[in-house]
Amino acid sequence: MPFIANTDEQRREMLEQTGLSAEDLFADIPPELRAESLDLPIGMNEQQVSGHLEKLAEKNHARLVSFLGGGFYDHFIPAAVPALASRGEFATAYTPYQPELAQGTLQAMYEFQSAVCRLTGMEVSNASLYDGGTAMYEAMMMALRITRRNRVVIDETVNPIYRVMIESYTRNLSIDLEQTCCGEGQVSRERIFELIDENTGAVILQNPNFFGIIDDFHDIAEYAHERGALLIVSVYPISLGLHKPPGEMGADIVCGEGQSLGLPLSFGGPYLGFIAGRKKHVRKMPGRIIGETVDTDQRRSFVMTLQPREQHIRRDKATSNICSNESLCALQAVIYLSLMGKQGLAETAELCADKASYAYSRLTSIPGVEPHFHAKWFFNEFVLDLPEPAAEVIGRLIEKGLAAGFPLSRYYRGMENSILISLTEKRTKEEIGYLAEALEGALEGSQAGGSR
Amino acid sequence: MSGGGMNEAKLIFEKSVEGRRATQKTPSDVGHSVNLNPDYLREAPPELPELSELDVVRHFTELSTRNFGVDTGFYPLGSCTMKYNPKVTERIAALPDFAGLHPLLPQLRLGGMLTQGALEVIWRTDLLLRELTGMAGFTMQPLAGAHGELTGIMIMAAYHRDRGNSKTTVLVPDSAHGTNPASAAIAGYDVVSVPSDENGLMDLDALREQVDDRTAGVMLTSPNTLGLFNPRVKEICDLIHSVDGIAYYDGANMNAIVGRARPGDFGFDIVHLNLHKTFATPHGGGGPGSGPVGVVEGLLPFLPVSLVVKREDGTLALEYDRPKSIGYIAPFYGNFGIVLRAYVYLLMLGRDGFLGVSENAVLNANYLRTKLKDVYRQAYDRLCKHEFVISPSKAMEEKGIRAVDIAKALIDRGFHPPTVYFPTIVRESMMIEPVETESKETLDDFAEAMLEIARLAKEQPEVLTGAPRSTSVRRPDETKAAKELNIASL
């Protein structure tokens, strides 16, 4: 039997020593509750299962030249990241309940927390959450716990995938969710100020926003603080190699998706949520937190701390129902950040911006392709308007081996012809040129077709 | 494990040397960005460490030597099912055509056709889990067990909303894992704790008094955290159904009965499974996990968006138009990489493999229980399933020996300790789950260590209270950690 060590002889011996028969082992399950023979396939061995999965993998088109982003990016991953994180001592361990056997995980998580603080300009961080969307939900709940208010303002430039998640999570709760609309790319001060009132506990923004546009939210932070609300900023960590961190803008809570820090895209997960805040709020922060201490011999040690916030102690009064974190993903992220280092992260961010800027000028030179917004300050993504529905053009370009971008009509009304194009350091000048030629060809082809 | 003479742990930031680097700069082939606004840039790069690649490799390799996983040794952590994680699943999850797949691809026109292989993994895993649980359909979206619980309670709430029921309470046994009451509370319900009877099972008489029109449902783990199967589980489900409540099965302990009994046949309406437990995906030091949720036919409309469905032409697609759905609980299709690993494991085991899992998990637990029961205090002296709970004997307690001392002494003998101080309904509890992938020899060695510890408890208790001696640190001061809070090096 696969992965079972006991031999038939040993099983007989063990049963004998326990004074049980094989049937006795399940005697406490009443016969009428036992399953009849289950309709499951015959087991495969390692070679067979590898062959089957390799065939399935071939049915995916993962190797398109991709300009897809929207919060999830195809960055380069140094070989040392998976090599170190896949070590069995890390990967096959569990929650560090016994600190003497988990100093590796514990110290790495403390280092992850430190790296998140240094990136975001905040004072405290936890040891990670499931993903960027649940991190935003937890950040919102944390802000409402701190302010004891129930109104949330969320800007339309925040990732729409996260906005629909927040809508789902709050449906059964008495939370008043207000979303802005119809801005001009950057967060509309007029609209957001209009929505913030004395019941607002949290204002949720994103930088760079879903359209790729960069902003400085210090004025919104001030406005919110004057009215007793907290500012939550969701952030793309690679951009922080170059851009002003939310901590410097007066953000109270910073959250985000850490997939870009050395994790593969992997069709949507496992990913890495992070959350950081101000020291004065640390007891309201959800999830696992690792702290430094000393042992009985005064040696530096690391342990899980502030556990009275958590579900295994507080049960239904806990700050969150979260029981674990995304430890292995956080480990990958801290290894990635250590390899990139101070200069490497800044250079990678710069390279992403360079490619995007070049692609923007190259693509907007195509007749009929126009920038959607006036704002021209963007990091590695931008929105273009095509002369026809973007979804159709993108569909045609797939045949050319391109995932040209994301059609915004899926989430934004009035943006039928708009495409979100994302660049990372992996895209080359040649690939950008190929995209430009293919796009020009696709548009010409359809115009020629239309005039026939 | 390194000895006590080791140098004090140094943070990676403390090893930084100005100007050193691990990666070499890629020259830009496109010139510099003209779309960056200097006002928005940071003054200096973030203070990340400056190290060579070898520095980083040595740092994390050294950290790994101060960690203990299933690959290192026996890890009988109760209710966590620390079974062996097959290496082949890692290789398959790293295949570029899975690992490199962008989750937005299916949202492009005809994009589902670009990801048929990945959708097939999700679809087939759903079918296999249905068969193992008796549910009518699964969502793979929950990102962990506790996330599955929250999803399940949200489905429960959506059902009652749809029926026009005004329900306010969820019943949870006092032996339940803390996530159960926390999940119910976060979904907006009041939690009512149901006591256990003298046999360690949910007290049915108490339950009868607690069930009323306000009851939205019950959350039950079976076998429970004491390793005991409740033969009256169907009565409990029937009772809940009598007030139009929902019976929720927490699959944390599914390993005990997998392939032999199905929660659907007990009368449960919602099931969550922990792929990182029963289905052998690595625990990762505490995540990433995966907690698929299955439901009976009547609850299918409430499952989260999106759902993989098979079309008439045999191709697979993602269904988004689900008006009664609870909505989006994860950005895409769950922790796909974890579902993929579990799918590989499901295929490798097959029907006979799962029968072997539950048989050996239960046999190993009862074998170890029998070996220890005369020396340690056994919470419930009867047949257990995959795990059991013991405590220090009276004689040990008289010498001042607590569960924590036994745990630390086990560390010196090369074992990961059991879960201690949970479940809380047993004093000084040690919850032991030996899992099916461990051999008789390992169990014998562990039993011998436990018996030696019991002897030392009476003869030389100071040896135990001074443990562990073999690790780089000993009993870190948790009070100091909380009081002088240092959670980041800035």
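Q: What does Glu319(B) count as at 31% relative accessibility?
A: Let's start with one residue of this model, which is predicted. Buried means under 20% relative accessible area and exposed means over 50%, with partly exposed in between. Glu319(B) has 31% relative accessibility, so it counts as partly exposed.

Q: Which residue forms a salt bridge with Glu319(B)?
A: Side chains of opposite charge can pair when their charged atoms come close. For Glu319(B), the closest N and O atoms of the pair are 3.0 Å apart.

Q: Are Lys324(B) and Asp162(B) buried or partly exposed?
A: Lys324(B) has a relative accessible area of 41%. The value for Asp162(B) is 41%. Buried would need a value under 20%, and exposed one over 50%. Lys324(B) and Asp162(B) are therefore partly exposed.

Q: How many residues of helix H5 (residues 145–163) of chain B are buried?
A: This helix has 19 residues and reaches 27 Å from its first C-alpha to its last, close to the 27 Å expected at 1.5 Å a residue. H5(B) is mostly covered, and of its 19 residues the number buried is 16.

Q: Which residue just after H5(B) takes a positive phi?
A: H5 of chain B covers residues 145–163. Just after H5(B) there is a phi of about 75°, and the residue that takes it is Gly164(B).

Q: What is the area buried between chain A and chain B?
A: Let's look at where the two chains meet. There, 191 residues of chain A are in contact with 206 residues of chain B. Carbon and sulfur atoms give 62% of the buried area, which comes to about 17500 Å².

Q: Which residues of chain A lose the most area to chain B?
A: The whole area buried between the two chains is about 17500 Å². Three residues of chain A lead here, together giving 6% of what that side buries: Leu101(A), Arg118(A) and Phe267(A).

Q: How many salt bridges are there between chain A and chain B?
A: One pair across the two chains is Asp297(A) with Arg474(B), whose side chains meet at 3.0 Å, N to O. Over all chains the structure holds 57 salt bridges. Between chain A and chain B the count is 12.

Q: Which helix gives the most to the side of chain A that touches chain B?
A: Across this interface the rule finds 97 residue pairs in polar contact. One helix of chain A, residues 327–364, gives 25 residues to the side that touches chain B, and that helix is H11.

Q: Which residue of chain A forms a salt bridge with Arg21(B)?
A: The closest N and O atoms of this pair are 2.6 Å apart. The pair crosses between chains, from the segment before helix H1 (53–65) of chain B to helix H11 of chain A. Arg21(B) is partly exposed, with a relative accessible area of 28%. Its partner counts as buried at 17% relative accessibility, and it is Glu347(A).

Q: Which side chain makes a polar contact with the side chain of Ser320(A)?
A: Ser320(A) sits in the loop between helix H10 (311–314) and H11 of chain A, and is buried, with a relative accessible area of 3%. A polar atom of its side chain lies 2.9 Å from the backbone nitrogen of Ile322(A). At 3.0 Å, the side chain of Ser320(A) makes a polar contact with the side chain of Glu138(A).

Q: What is the relative accessibility of Met14(A)?
A: Met14(A) is found in helix H1 (residues 8–18) of chain A. Among the residues Met14(A) touches are Asn6(A), Leu363(B) and Tyr367(B). Met14(A) counts as buried because its relative accessibility is 0%.

Conventions: Residues numbered from 1 in each chain as written. Chains lettered and ligands numbered in written order. Predicted model: local features only at pLDDT ≥ 70, side-chain atom pairs only at ≥ 80, totals over all residues. Heavy atoms only, no water. Helix = DSSP H or I, 4+ residues; strand = E, 2+ residues; numbered from the N terminus. Buried < 20%, exposed > 50% of the residue type's maximum accessible area, 1.4 Å probe, protein only. Contact = heavy atoms within 4.5 Å. Buried area = accessible area lost by both parts, 1.4 Å probe. Salt bridge = Lys/Arg side-chain N within 4 Å of Asp/Glu carboxyl O. Polar contact = N/O pair within 3.5 Å; in protein donor to acceptor, adjacent residues only side chain to side chain. Expected span 1.5 Å × (residues − 1). Lists of a residue's contacts leave out its neighbours within four places in sequence.
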